[in-house]
Amino acid sequence: MAGPWPLLRSILRNCVAGTLVAVTINDRYASLIPVRGSSMLPTLEPQLGDRMLVNRLYLDTGHGLSRGDVVVFRSPTEHRSLLVKRLIALPGDWIQVPAAQEIRQIPEGHCWVEGDNPEISLDSRSYGPIPLGLMQGRVSHIVWPPNRIGRVERKMPEGRC
């Protein structure tokens, strides 16, 4: 009698393989992230427990970002934190900063991001253009709760770029 070892070895091998596949998918292709904070209200609602699908594939394929995308990026001031904002301007764009009544050009390798809820959002209006290297992905869908499942639409504030 072989005992429990062959079964245990098979289970352990499948668990390790499954974990490696899950980590690879999460790191290279897509991940699910909970929404925290109210800076993206009404697009994303943390009070309802929104979970979003973040597409990381564009980072490798070169499809790039578009104005109006909702993006996830590392905080420029606290690199352990992930932030979610709307992409307003890309490198070389000119942007009108409403509170400062100024027009700025976005430098190469940077972008301008803002929350949909400007009264409480800490974004490029606070810390300026952010490096594109901090980008972690583009939010494509809300996947939870079931009554909010759907695509996250691109939209741009009027008269900003």
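Colleague: What is the relative accessible area of Arg154, and into which class does that value place the residue?

Modeller: Arg154 has a relative accessible area of 48%, so Arg154 is partly exposed. The classes are buried (under 20% relative accessible area), exposed (over 50%) and partly exposed in between, with a 1.4 Å probe and protein chains only. The model is predicted: local features need pLDDT of at least 70 and side-chain atom pairs pLDDT 80 or more, while totals for chains, interfaces and linings use all residues. Residues are numbered from 1 along each chain as its sequence is written, and side-chain values use heavy atoms, without hydrogens and water.

Colleague: With which residue do the side chains of Arg154 meet in a salt bridge?

Modeller: A salt bridge places a side-chain nitrogen of Lys or Arg within 4 Å of a carboxyl oxygen of Asp or Glu. By this rule the count comes to 6. In one of them Arg154 pairs with Asp69, at 2.4 Å from N to O. Asp69 lies in the loop between α2 and β3, and Arg154 in the segment after β10 (150–151), so this pair ties together parts that are 85 residues apart in sequence. Helices (H or I, at least four residues) and strands (E, at least two) are DSSP runs, numbered from the N terminus.

Colleague: Which other residue forms a salt bridge with Asp69?

Modeller: Arg138 does, the closest N and O atoms being 3.1 Å apart. Arg138 belongs to strand β9 (residues 135–144), so its bridge to the loop of Asp69 ties together parts 69 residues apart in sequence. Both Asp69 and Arg138 are buried. Another salt bridge links Arg125 with Asp123, with 2.5 Å between the closest N and O atoms. Arg125 is partly exposed at 29% relative accessibility, whereas Asp123 is buried at 0%. Through shared partners, salt bridges join Asp69, Arg138 and Arg154 into one network.

Colleague: Which residues does UniProt list for "active site"?

Modeller: The unreviewed UniProt entry lists Ser39 and Lys85. Such positions follow the numbering used here, feature names are shortened, and annotations may be inferred rather than shown by experiment. The two residues are spread over 47 residues of sequence but cluster in space, the largest C-alpha distance being 7.7 Å. Ser39 sits in the loop between β1 (30–34) and β2 (51–55), and Lys85 in strand β4 (residues 82–89).

Colleague: Are Ser39 and Lys85 buried or exposed?

Modeller: Ser39 is buried, with a relative accessible area of 12%, and Lys85 is buried at 4%. Their side chains make a polar contact of 2.8 Å. A polar contact is a pair of N or O atoms within 3.5 Å; within protein, one must be able to donate a hydrogen and the other to accept it, and residues adjacent in sequence count only if both atoms are side-chain atoms.

Colleague: Which residues does Lys85 contact beyond its neighbours within four places in sequence?

Modeller: Contact means heavy atoms within 4.5 Å. Among the residues that Lys85 contacts are Ser39, Asp69, Val113 and Asp123.
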